[in-house]
Each structure stands twice: as structure tokens, then as C-alpha cells.
Amino acid sequence: MYLELSHLKKQFDGKDVVCDLSLTMEKGKLLCILGSSGCGKTTTLNMIGGFLTPDSGKILLDGQDLTRLPPEQRPVSTVFQSYGLFPHMTLLENVIYGLKFRGFSKADARKKGREYLDMVGLADRAGAFIHEISGGQQQRVALARALIVEPKLCLLDEPFCNLDAALRVKMREELKKLQRDLDMTMVFVTHDQEEAMILSDSMAIMEQGHLLQNDTPERIYRNPANDFVKRFLNLDDLIWTQDGKLMKIISHQM
Amino acid sequence: MKSNLNRIEKGASGDALFRIFGNAADKLIIAVLLGSICLFVLYPIICIFWQSFVGETGLTLGAYTDVLKGYRTSLWNSLFTGVLTAFFCTVLSVAAALVISSSRGWVKLLLMGVILITMVSPPFVSSLAYIQLYGRRGWITYRLLNISWDPYNCWGVIWMQSISFVPLNALFLSGILTKIDAASIQAARDLGAGPKHILLDVVLPLMRPGILVTLLLTFVRSIADFGTPTIIGGRFNTLASDIYMQLVGYSNPAKAAAMNVILLVPTLLAFWAYRVMLQKSDKLTSGKGKQDTVNLKLLRCGIVGWIALILSMLFFVMMVLQYVCIFSLGFMKVTKGSYSFSLQYLQQLLKYDTATIWRSVIYALIVSFVGTFFSMLFAYYTERRNVPGRRFFDFLVMMPYMIPGTCFGIGYILAFNKEPMKLTGTALIVMACMLFKQLPTTTKLCSAALTQVPRTLEWSARDLGGGRMAVLRDVILPSMRPAFLSCFAHNFSSSMTTAGAIIFLINPGKKLLVFQLFDKVYLGEYPMASLLATLIIVIVLAVEGLVWLISWKEGKRRVS
Ligand SMILES: Nc1ncnc2c1ncn2[C@@H]1O[C@H](COP(=O)(O)OP(=O)(O)OP(=O)(O)O)[C@@H](O)[C@H]1O
Ligand SMILES: [Mg+2]
């Protein structure tokens with residue numbers, strides 16, 4: 001397995017936030033972690049990214065043990081919920097910041113930076129500052145900045161939660177395309193069921209620090225592990241047709 | 001149940017009163033607020049400008065040409081001191097801020113303790129300790145190292161000013177550090193940046209506007225400071241110390257006014273730049289939500305980290321030395337060159353100066369209560385209500401913050417020395433001067449607290465039937481409780497320690513502790529001076545601790 005979390009545990013002030021979480025995923029796939037607010041999604045992600053150390057358990061990526069490495073030494077990059085863009089740098093400077101620590105010459109870095117900005121459709125704004133662009137554009141800069149260092153694993157914490165509904169749908173498609181084109185492995189946190197169903201190759205559903213189920217969307221749809229999963233995903237209102245279409249029933253009371 | 005009923009009845013009768021007088025009271029409050037600002041801020045400032053242009057024969061520029069001719073060296077000295085002090089002080093402040101925000105546990109407590117004590121210290125303490133430690137007969141220079149040198153020169157002034165302005169700046173800068181978005185720092189680490197690069201690429205650039213603000217404010221404070229050059233400048237005079245001499249010795253108000261106006265020019269320029277910078281800083285650091293403080297391991301930040309650590313350790317060691325010196329000196333006596341413990345000075349102080357002590361405390365308490373209340377009301381009316389000329393009054397209230405203290409004080413002398421408003425020599429003018437000098441800071445504190453009160457709260461009070469007075473009484477004032485504490489603390493410690501603004505307003509028969517202290521330092525009675533400084537610090541800490549305790553208990557009572 002490419003990414004392996006085994007028996008991760010984390011407590012805050014004596015309260016179990018993540019309990020005995022084990023999970024695996026393959027290379028080039030997109031995993032969605034799904035769960036209600038406060039169930040420990042961000043905490044899990046922070047442990048993979050290295051911002052929190054688990055109390056016990058192990059994190060393996062591509063055969064390498066990451067558990068005790070500091071974030072700057074992990075081949076993992078993160079798109080933060082609040083983006084964490086540098087307000088004193090231009091878009092281009094933001095995007096190429098990570099290359100500084102990977103032996104790139106300034107010119108090469110800028111060239112590559114332009115390519116990635118182009119990829120997310122922002123090549124013409126390379127010299128702008130962060131506060132001069134919109135939320136959706138900031139989102140894309142953060143994505144380009146995380147992907148440019150060619151990480152083995154990219155983590156995204158509710159990346160679309162600050163965007164409006166129409167933009168979310170658009171960004172969702174772009175992200176999926178990027179992920180396929182680059183053959184990138186991604187872990188994506190969300191609490192939007194629809195988003196998870198559409199984006200993911202596999203879904204991990206969490207509740208109060210426990211992993212309830214980890215499987216492909218279709219298999220979860222056909223065999224929800226328990227009642228909670230069923231209710232949480234609103235499975236009664238979804239229809240997965242034989243030809244692979246997912247339909248949602250929206251009841252309209254008269 | 002019964003107590004509930006009681007409350008309602010009381011509230012109802014109160015509202016009935018307000019229904020009758022409500023609108024009138026509202027108008028009256030506005031009138032009093034704006035009227036007193038005009039009288040105690042605008043009018044004195046106009047007086048200074050006016051006076052500087054009026055000679056014996058009418059309107060002239062005579063005073064200005066006199067000053068520019070006669071005080072060129074002082075003017076140059078002021079600028080020179082200002083620039084160098086601003087530079088050294090800012091470097092030290094950045095180092096101290098980095099160390100404070102990256103330290104934890106008891107080290108942090110200790111550092112904050114030192115900063116707290118310096119914040120409540122009277123302004124002449126550093127100079128006093130300087131002479132005692134590094135002077136001709138200094139404990140360190142003479143007794144320990146056995147060198148003899150002349151400490152009274154411009155470098156002493158620059159060094160002492162640099163040191164004594166650090167605490168406020170360090171507090172301001174570490175405030176900025178806590179507002180840096182934690183996610184940008186995490187992102188930098190995530191992309192491979194170690195501690196050194198986080199410091200150089202993210203933290204310092206984000207602090208840059210704050211650093212510029214520090215430079216400017218320090219420059220302004222330095223050129224307005226008359227105490228340090230007067231005490232340890234020797235023959236080195238700045239414009240501020242000349243103004244002091246001018247008024248004390250020759251009492252030529254026209255000339256002093258002109259000198260002040262000249263001093264005002266670089267100050268106003270600096271403040272204009274300050275506003276621009278502050279807006280920029282707010283744009284860069286708008287951390288939202290729960291924040292962890294910047295967790296930097298300075299030891300691992302390379303050479304810059306080491307420099308910061310060493311500089312701030314130097315600073316803190318000097319501060320500790322300074323206070324050890326001050327606190328101990330008042331309780332020692334010298335016999336044949338050796339020191340022994342003695343309560344001689346304390347007895348002397350309690351015998352002759354109890355009236356002064358009480359007067360200082362009472363003035364400060366009055367100013368604190370009235371000033372806090374005033375700034376809460378003013379913040380409310382300018383933030384939330386359509387007061388005519390709101391921007392103009394906002395600017396006016398900020399004025400005393402910008403102009404040097406002595407300048408403001410001279411304005412008061414000029415404004416209130418003739419009938420029908422002859423106030424010079426009264427307690428009222430002293431307290432008014434303190435109050436309006438401190439108003440800029442306290443209104444800012446209150447406005448900040450007000451922005452935390454959602455407007456809907458105000459609307460719901462009115463929606464439920466309360467009038468404007470009910471909004472003020474039931475919503476605004478209660479929600480400014482935290483601001484009350486910080487305003488009060490600021491008012492009280494400033495009132496106990498400011499000297500510049502009121503030095504010429506004090507009636508010689510009714511001294512305050514700070515002036516007693518200044519006199520003693522000036523006369524060379526250092527043990528007595530140290531004891532006075534200690535006393536001021538103890539009083540301020542005690543009163544503020546008491547206020548904090550009361551409001552904390554009150555808060556607990558409300559919760560339970
Ligand atoms: N630093 C911390 N100290 C104490 N408790 C924490 C800390 N960080 C998170 N928690 C607690 O851990 C639990 C899980 O937090 P986490 O941020 O992982 O939730 P989440 O699933 O990401 O929620 P959301 O969907 O709201 O982002 C919460 O109950 C939270 O209060
Ligand atoms: Mg979260």
C-alpha cells in the first residue's frame with residue numbers, strides 16, 4: 001500500500017480526538033475523509049502533514065516511516081483551509097517558494113512557477129499580491145504552490161469551503177482533472193457528502209475520532225456499514241443507476 | 001422571584017425618567033463631550049500657534065528666525081539623537097519581541113514581569129540608574145571596573161532613550177507577531193522551510209510595517225523627551241531640553257511656543273507616515289480565529305536568531321540591573337564609602353511628603369475614573385452615532401498623542417492664564433491636561449472593544465422598547481467592561497508617571513510625586529529619588545492589582 005496509517009491515536013487535554021485510526025490507500029488515487037464537524041478530520045490531516053505528532057501509531061508513505069519527521073522533511077504538501085498564502089509576496093513568489101529548498105536556480109524556479117500558474121489559469125496575474133485576487137483565485141494559487149514541489153502526497157483541508165456553490169462545482173472538476181493529469185495522490189477533507197461522492201476514488205467516514213468505513217463510493221452506497229453512515233450520507237435520497245449515474249432526490253413539499 | 005420583580009420595577013422607573021429626559025440627556029452628553037474637546041484640545045493648540053506669531057509689536061516671524069538662528073545646534077542634536085535612538089531602540093525591540101513571543105512558561109512570565117514594571121515606571125528611572133551604575137562614582141564603572149569617565153554626553157542620552165522606549169515597542173511588536181496567520185507559517189514549513197527561513201522569509205517581512213511604525217514612534221518620542229538630556233546630557237542640549245530651560249529659566253512663552261511649533265513639524269510628518277504604515281500592517285496581519293503564537297526556536301534560526309537572543313538578553317539584564325539598583329538604593333546609606341541597610345530615607349519621606357503622596361494618588365484616581373468614562377462615551381458616540389463633524393473630532397482627540405507633552409502643556413498655560421478662564425495653578429487644569437493627554441489611547445481601546453459588540457445587540461435593545469439611553473446603559477457600557485479595566489490601568493499609570501505635559505502647570509506648593517522625583521534627580525539626591533521611584537511603582541502596581549481583582553471577582557459573581 002502507498003499510504004498506510006496504522007492505529008493512530010491523538011488526545012487533547014485527556015479527550016480522545018482520534019482513536020485507533022487505521023487506513024490505507026493506493027498511489028494516484030483520491031481519498032475523501034468525510035465526517036461531521038469536530039470529528040477529528042483536521043487532526044488526522046495534521047498528523048499526516050507533520051503539524052501534530054500522534055500519541056501512538058504509525059504513518060508510512062511509499063515504504064518510508066514519516067511518524068517522527070518534521071513537516072519540512074516530509075514529501076507531503078498541504079493546501080490549508082485558510083490557504084496560508086504569504087501576504088507579502090506576489091502570486092509567482094508564493095508559488096515558487098517551496099522550490100527554494102529543492103535546489104532550483106531562480107530562473108528555473110520562475111519558469112516552472114509560470115507553468116503551474118498557467119495550469120491553474122492564473123498566468124496573467126503572476127505579479128499580483130494575494131489581497132488583489134478573489135477567494136477562488138487564492139484557492140488555485142494555494143493548490144499550485146502545493147503541487148509544484150511534486151509531493152508524494154497532497155493534503156487538502158476543506159479547500160472549497162470558502163467558495164460559492166457554482167465555483168465549488170467548477171473547482172471540483174478542475175481539481176479532479178489536475179489530479180488525474182499529474183497522477184497525484186491526494187487526501188481531501190470535506191463535510192459535503194455530494195462533493196465526496198463525486199470526487200473520490202475511496203471515502204473514509206469518521207465519527208468522533210473513529211473510522212466507520214473506508215471503501216469506494218459505490219460500495220459504500222450499496223453496503224453502508226451502519227445506520228449512521230446511511231443517515232449521514234442521506235443514502236435514502238440517492239439512486240445509483242445500473243449505468244453508473246448517481247441521482248439525487250430532492251423532495252419538494254407543496 | 002422577589003428580587004426579579006424588584007429589578008423590573010427599578011428598571012421601569014429608570015426608563016420613565018429617561019423617557020422624559022432621554023433625548024435631552026443624549027443631546028446634553030454630546031454637547032459636553034464635544035465642547036470640552038474643543039476647549040481642552042483645540043483651543044490650547046490654537047493658542048500655541050497664535051502666540052508663536054505674536055511679538056511685542058504685532059504679527060511677526062521674529063520668534064522663528066530667533067530660534068532657527070540661536071538653536072541650530074540643538075535642532076541638529078534633536079534630529080541626530082532621534083534618528084540614532086530610533087534605530088538602536090527598534091533593533092532591540094524587535095529582538096525582545098521575538099524572544100518574548102518564542103519563550104514559554106516561567107521565562108515568559110519573567111520577561112513580561114520586567115516589561116510590566118518598566119511600563120509603570122516614572123520616566124526618569126533609567127537616567128537615575130544610569131548615573132548610579134555607570135556614572136563618575138558608578139557601581140559598575142567606578143567600584144567594579146575602576147574606570148573614571150564622563151558619563152554626561154550625547155551617547156548616554158541616546159543609549160538611555162533607546163533602552164527606556166523598548167518595552168512599549170516590544171509589546172506592540174509582539175502583538176503583531178500574535179496576529180500573523182499561523183497557516184502561513186505552517187505552509188512555509190510544509191514547503192520545506194526550516195526555522196531560519198521562516199524567520200527571514202515570513203516573520204520578519206510580515207513585521208516590516210510594524211518595524212517602521214516603531215522607528216517613527218521612537219523618533220517622535222525621542223525628540224519630545226526633555227528629561228533624559230536635561231539629566232544626563234551635560235552640555236548636550238536638544239530642542240526639548242532647551243524648551244524646558246527656556247520656560248523654567250527665562251520664561252519667554254513666545255520663543256518657547258515657536259520652538260514647539262518647529263518641533264511639531266517632524267512629529268506631524270512622522271505621524272502621517274505612521275498612519276499609512278499601520279494600514280499596511282493591518283493588511284498583512286489579519287489573523288483570524290484561534291491563533292497559536294508564533295512558535296520559533298530562535299536557537300535554531302541561524303545567525304539572526306543568535307543576534308536577537310544576545311541583544312535581548314543584554315536588554316533584559318540591563319533592565320534587571322537597573323531595577324535592582326533603584327529598589328535597593330532607597331534603603332541604603334553610605335558611611336565612609338560602604339553601604340548599609342537603612343530606613344532613614346523612608347522615614348524622611350513619610351515625614352515630609354505624605355501630602356504629596358495622597359495628592360498624586362487622588363489626582364490619578366479622579367483622572368482615571370473621569371477619563372475612562374469620558375473615553376467610553378466618546379468612543380460610542382463617534383463609532384456608533386452620527387455626530388456632526390465626526391472625523392474632525394476623531395482627529396482632534398488624536399492630537400495630544402502626536403504633539404510632544406511639553407508642547408501640550410505650554411498650550412494650556414497660554415490658553416488658561418487670563419480671565420475669564422484663569423485656571424493656572426489649580427488642580428483642575430492639571431487633571432484636565434492629564435485626562436486629555438491620555439484620551440487618544442483610551443478612546444482607541446474603547447473603540448476596539450466596541451467593534452466586538454454587534455450592532456444587532458443595540459438594535460434589539462431598541463426593538464424591545466429601550467430608548468437611546470437604555471442602549472447606552474444596558475448594552476454599551478456593560479459590554480465595555482474589559483475595556484474599562486485596560487483604560488483605567490492606562491490612565492492611572494500615566495497619571496502617576498507623566499511629567500512632560502504638566503510640568504509647567506503644577507503649582508509649586510502642590511507638587512506631585514513625579515516632580516518630587518525629578519527635582520531629587522536633578523539635585524543629585526539619588527537615594528531619595530530611588531525611593532520615590534520605588535514608591536510610585538509600588539502604588540501603581542497595587543492600585544491596578546486591586547482594580548483587576550475587583551473586576552475579576554465581579555466577573556465571577558456574574559457568571560455564577
Ligand atoms: N489544539 C487543540 N487543543 C484542544 N482541542 C483540540 C485542538 N484541536 C482540535 N481540538 C478538538 O479536537 C476535536 C477535533 O478537531 P478537528 O479540528 O480535527 O475537527 P474537524 O473534524 O476538522 O472539524 P471541522 O469539520 O469543524 O473542521 C474537536 O472537538 C476540537 O475541539
Ligand atoms: Mg477541520
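Let me begin with the lining of the largest cavity in this predicted model, where the residues divide into six nonpolar, two polar and no charged. The residues concerned are Ser126(B), Ala129(B), Tyr130(B), Leu133(B), Tyr134(B), Met160(B), Met318(B) and Gln322(B). In terms of secondary structure, two elements of chain B give two or more residues to that lining, namely helix H5, spanning 125–134, and helix H13, spanning 302–329, and the largest share, five residues, is supplied by H5(B). As for volume, the largest cavity comes to about 50 Å³, and the count of cavities of 30 Å³ or more is six.

Now to the interface. The size of an interface is often given as the accessible area lost when the parts come together. Here, chain A and chain B bury about 1900 Å² between them, with 60% of that area on carbon and sulfur atoms. On the side of chain B, the residues that lose the most area to chain A are Arg189(B), Asp190(B) and Leu191(B), which together account for 36% of what that side buries. Counted by contact, 21 residues of chain B meet 24 residues of chain A.

What about polar interactions between the two chains? There are six residue pairs in polar contact between chain B and chain A, counting pairs with both residues at pLDDT 80 or more. The elements of chain B that give two or more residues to the side touching chain A are helix H8 (182–190), helix H9 (195–224) and helix H12 (253–284), and H8(B) gives the most, with seven residues. By residue class, the side of chain B that touches chain A divides into 10 nonpolar, five polar and six charged.

Side chains of opposite charge can pair when their charged atoms come close. Across the interface of chain B and chain A, two salt bridges are found; one of them joins Asp201(B) to Lys100(A), with the closest N and O atoms 2.7 Å apart.

Over all chains, the structure holds 16 salt bridges, and I would like to finish with one that lies within chain A, where the side chains of Lys152(A) and Asp62(A) meet at 3.5 Å, N to O. This pair links distant parts of the chain, 90 residues apart: Lys152(A) sits in the loop between helix H4 (135–147) and strand S7 (153–157), while Asp62(A) sits in the loop between strand S4 (56–61) and strand S5 (64–65), these elements being of chain A.

Methods:
Residues are numbered from 1 along each chain as its sequence is written. Chains are lettered from A and ligands numbered from 1 in the order in which they are written. This is a predicted model: local features need pLDDT of at least 70, side-chain atom pairs count only at pLDDT 80 or more; totals for chains, interfaces and linings use all residues. Side-chain values use heavy atoms; hydrogens and water are left out. On a 1 Å grid over the protein atoms alone, a cavity is a set of points where a 1.4 Å probe fits but cannot get out, and a pocket is an open set with protein on both sides within 12 Å along at least five of seven lines; lining residues have an atom within 4 Å of a point. Grid points are joined across faces, edges and corners, and a volume is the space filled by probe spheres set on the points. Helices (H or I, at least four residues) and strands (E, at least two) are DSSP runs, numbered from the N terminus. Ala, Val, Leu, Ile, Met, Phe, Trp, Tyr, Cys and Pro count as nonpolar, Asp, Glu, Lys and Arg as charged, and the others, Gly among them, as polar. Contact means heavy atoms within 4.5 Å. Buried area is the accessible area (1.4 Å probe) that two parts lose on being put together, summed over both. A salt bridge is a side-chain nitrogen of Lys or Arg within 4 Å of a carboxyl oxygen of Asp or Glu. A polar contact is a pair of N or O atoms within 3.5 Å; within protein, one must be able to donate a hydrogen and the other to accept it, and residues adjacent in sequence count only if both atoms are side-chain atoms.
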